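This report reviews selected features of the structure shown below.

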Amino acid sequence: MVRRVFALILVLALLAPAVMAQDEEVLQMGFWEECEDPAGLPETVTIGAIFAQSGAASVYGISQSQAVDLAVAEINELAYLGEGVTLEVIYADSAGDKEQAIAAMTKLVEEDGVVAVLGPTLSSEAFSADPIAQENGVPVMGVSNTAAGITDMGDFVFRDSLPESAVIPGTIAQATEALSLTQVAVLYGNDDDFTISGYDVFVEALEANYVEILAEATFAKGDVDFSAQLTTLLGTNPEALVISALAAEATQIIVQARQAGYTGPIIGGNGLNSPAVLTNSGEASEGVIVGAAWNIASPEALSTAFIEAYSAAYEDAKPDQFAAQAYTGAWLMATAIRCGDSAESLAIRDSLAEIVDFPSPLGMFSFDEDRNPVHTPVVQIATGGAFAVLGAEMTEE
Amino acid sequence: MDSIIEFVITLLKPLGVTEPVFQFMLVSAILGLSIYLTLYTGMFSLASAGFMAIGAYFGVAATQFWHLPLGLGLIIGMLAAGLIAIPIGLPVLRLKDIYLAIATIGFGEVVNVVILNFDDVVAAILTAVQGERVRFRLIEGARGIKNIPRLTETQYLVFFLIIVGFFITRLHRSRFGRSMAAIRDDERAAANMGINVTYVKNIVFILSAMLAAAAGVFSAHLTRIITPDAYGFDRAVDILSFAVLGGTSTWVGPIVGGMTLTALPETLRAVNQYRGVFTGMVLLAVILFLPGGLVDPAGLRATIRRVRSRLRRAAESQGAT
Amino acid sequence: MDTFFQQLINALSLGAIYGLFALGYALVFSVLGVLNLAHSAVFMTGAFFGLVLIDKLQLPLIVAFPLAMIGAGLVSVALEFIAFRPLRRRGAPRISQLISSIGASILLVSITQLLFQNLYGGTDAYFPRGLVPDEPILLGGLRIVPIRVIILIAALGMMVILQAVVSRTQIGQHMRAVAFNQRVAALLGINVGRVFVTTFFIAGALGGAAGMLYGLVFLNVSPFIGSDVALVGLTAIVLGGLGSINGAVLGGILVAALQTFSTAIGGSSYRNIVVFGILFLLLLVRPQGLLGQPDSTRT
């Protein structure tokens, strides 16, 4: 409770200069100039959020719930939806299970009558549960769904999480140029839809950049010993090692690759985008290149403000990309409600689709015509145990 | 029929049950019956999860790749599982107890691996044949097959359960059903009495596989995306729990067990975080204190008899003083 | 050839962990005649205790390790009292005890999940690196990572100690007597109940040790590492022979070798098929395993 109050005070303190100095750079999430104050909203606007708050995916779901809580607290404190109007969130736990996600969506949409939904955490849950929102005409925004084809489910389905197909091509293009790559080896997990989809995009991007794939090898989730695969791959003497893996496996792969004597660059997808990977692989992480939608070292002013607010609210915990996207998602939803000046689901949907150039911790955010996110991703390289933007490192040399 | 179903769902609403939850409860009921058949014959088989996967994938192939209606998809899924059950059953059913359990768990894992790597294997073969690298994607491995239309209706599930229930009741009264029970009680004695043990066990195994496959087909067209990780060891243990919770002395038991365990996470949404703990405790409590499961007519009769005799003795001793 | 020896070292160190873990299964099975399927949860608990002791309480490894083992042993004893003893008293069939252990396992994993979420805000946590040196040493053409060798030595050491306890001490004698024939052992004045408790404690301590070693090498700890290793453990004891302690160790090393070499040759996608394929063949041809007694495995 004390921390909550402290966080709010911090938010207000940061707000004051922003309100007074309107012409300066946007320092804090706040009143988007594009819209006027809403006048026709009811006292309470209720949205739903389906996150995996228990089970194997809970590390993401808990992070997302905390971020949404933070955003909603700020939104209500600012009276973003108008005087006397409160935004409420009803959470439902899907535990990473498709059946529970369906039950959660049904409950939120049909029983609790929410006007919009954030989540669910996993893409597979989204494929199961989002059609229910679509059929009921309730907008649903994925804040961590990165699989291909999410928004194809219907015009009420949105997402603010850049799919790998939007991040990886840029990563490969920049890495290829920075490192003059011609030959790589690829290691990927083939029993997880995230890592295998990432692999698909890596292959396409590598071919598009005329980089030859010397060898490929697979591993399974939960594997801890990659020496066999690494021996094979490194034996082909690649210029870089491209891996599509989740954080736990990625850590081991990086450590074991270095133990096997490999000193070259390692390029990875979003699974590696976690400070834990760097911390736990220690010095081995030097030279790891990761493409991601958001990075804790991002120079965006709103990103810095978000990180401070999150740390203040949650005992110095550092937010991760899931938190940043969930936080932005909540703000996007509130903005749609505000700008549409309506708590009707259809109006919210239309308003959401029209959002263009919204300032957020992810950068300038827009939805494209397929309701997918558009903002500049970050390519980062690990130096000295922390992520730095790849371009910045280049210009220093 | 529709209105009866709606009425039942309305009754269950306060327990957190909505129509999709009810549909999953019915699917669990079918899975419970699948493992009931093998347990009734004394076989500790955990193969239902693997056959559920086979049913799901074949059923989806039928409706999505060959554009057949759900009914045909159901038949194809069940047939595929039944056919696969034959070469698996013949060698494996000779094993006993924990060895059979381990072998059937292994079967489930093998199904999982096949689904994950099918595309890659075909791609490798095509590459070898054509000389240049070929990429093949049909069942998509870990990515899962998505955008499956929701073809399963509650009526279908209810009808299916009624038909299967009817079939099982007839089975119990038949000679075949009595052979099943005889084998469970003492396999060697059953063999000595002239029962073809191998034949009976394999037929039961096939039937059980077909039921699990049917559940898979129905469930696939409810969750609208199927991924191989939904049919692994955890699912096999879940199915076993249905039978344990409900009790295996009647065929109603696993239905009750399956429906209860599926509804429990929804009912317990209020105590969100502790749902897993509750489920584990419920299971453990039933095993320890209600060894016959929730539906245990024999146990209930015994308890009633005990209570009645105790009351009688208390009354007699009162009268005597 | 270098690669072969490299893989051999990897297989041995992994096999040592699997063997240590499978020992717990074998011990309980030989003395009590039941399979304790909650053993994998005890394994995970050992890793969890170790993690908390080192990470949250800042204890040095040399203190945390035995404490984690003792903790895991106590959890295992609790399992005996909650999930096995009541059923044994009632004369319930072995299958009931098996299922009861599954229920206990689910409960244990769920409770640990909650603890994880409260302590780490999620279900993923990592052992701090560098507790045991992991910079590779070059020896000829091989890169040997010290931690793997240390694990091999630690696991083998514990197995040797176990062997000594079983064959030389009085409690070991009692355990062997009860394993041979419970009724006769009771008639001879052996406190069978106490033997059971001791067996569970030792099995749990070994499982917990295996868990900690696993965490030290592979760093990632979650409530779910138990289920990854459960199937491996079952395969190991079936391969080695269900009641045989030496068989469990042999089985563990074999499974690790099969996994490592099939991954090296064909990629890790198919290693489960290789392992289970060999398991099937063995069950059909020689179900008592390599070192087991050819008794009642078939019907």
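Into which domains is chain B divided? The answer is domain 1 (2–289) and domain 2 (297–321). The model is predicted, and the values reported here are computed from it.

## Architecture of chain B

Domain 1 of chain B covers residues 2–289, while domain 2 of chain B covers residues 297–321. Their centres, taken over C-alpha atoms, are separated by 42 Å. Along the principal axes, the C-alpha atoms of chain B fill a box of roughly 100 × 55 × 35 Å.

The secondary structure of chain B comprises 13 helices and zero strands. Read from the N terminus, its elements accordingly run α-α-α-α-α-α-α-α-α-α-α-α-α.

## Interface of chain C and chain B

How many residues does each chain give to the contact? Chain C contributes 38 residues, and chain B likewise contributes 38 residues. The area buried between chain C and chain B is about 3,600 Å². Carbon and sulfur atoms give 77% of that buried area. Across this interface the rule finds zero salt bridges. Two residue pairs in polar contact are found between chain C and chain B, both at pLDDT 80 or more.

On the side of chain C that touches chain B, the elements giving two or more residues are α3 (61–89), α4 (94–120), α9 (225–240) and α11 (271–285) of chain C. Of these, α4(C) supplies the largest share, namely 14 residues. By residue class, this side of chain C divides into 26 nonpolar, 10 polar and two charged residues. The nonpolar count of 26 may be read alongside the 77% of buried area that comes from carbon and sulfur atoms.

## Strand pairing in chain A

In what order do the three strands of the open sheet in chain A lie? The order is β11-β12-β13, and the pairing is antiparallel. The edge strands are β11 (358–360) and β13 (373–374) of chain A, each of which pairs on one side only.

In general, the strands of a sheet pair through backbone hydrogen bonds, in either a parallel or an antiparallel manner. In chain A, strand β12 (residues 363–367) is joined to β13(A) by two bridges, and these two strands run antiparallel. At the level of individual residues, A:S366 has A:V374, in β13(A), as its bridge partner.

Terms used: Residues are numbered from 1 along each chain as its sequence is written. Chains are lettered from A and ligands numbered from 1 in the order in which they are written. This is a predicted model: local features need pLDDT of at least 70, side-chain atom pairs count only at pLDDT 80 or more; totals for chains, interfaces and linings use all residues. Side-chain values use heavy atoms; hydrogens and water are left out. Contact means heavy atoms within 4.5 Å. Buried area is the accessible area (1.4 Å probe) that two parts lose on being put together, summed over both. A salt bridge is a side-chain nitrogen of Lys or Arg within 4 Å of a carboxyl oxygen of Asp or Glu. A polar contact is a pair of N or O atoms within 3.5 Å; within protein, one must be able to donate a hydrogen and the other to accept it, and residues adjacent in sequence count only if both atoms are side-chain atoms. Helices (H or I, at least four residues) and strands (E, at least two) are DSSP runs, numbered from the N terminus. Ala, Val, Leu, Ile, Met, Phe, Trp, Tyr, Cys and Pro count as nonpolar, Asp, Glu, Lys and Arg as charged, and the others, Gly among them, as polar. Domain bounds come from an automatic or database domain assignment. Two strands pair if DSSP finds at least two bridges between them.
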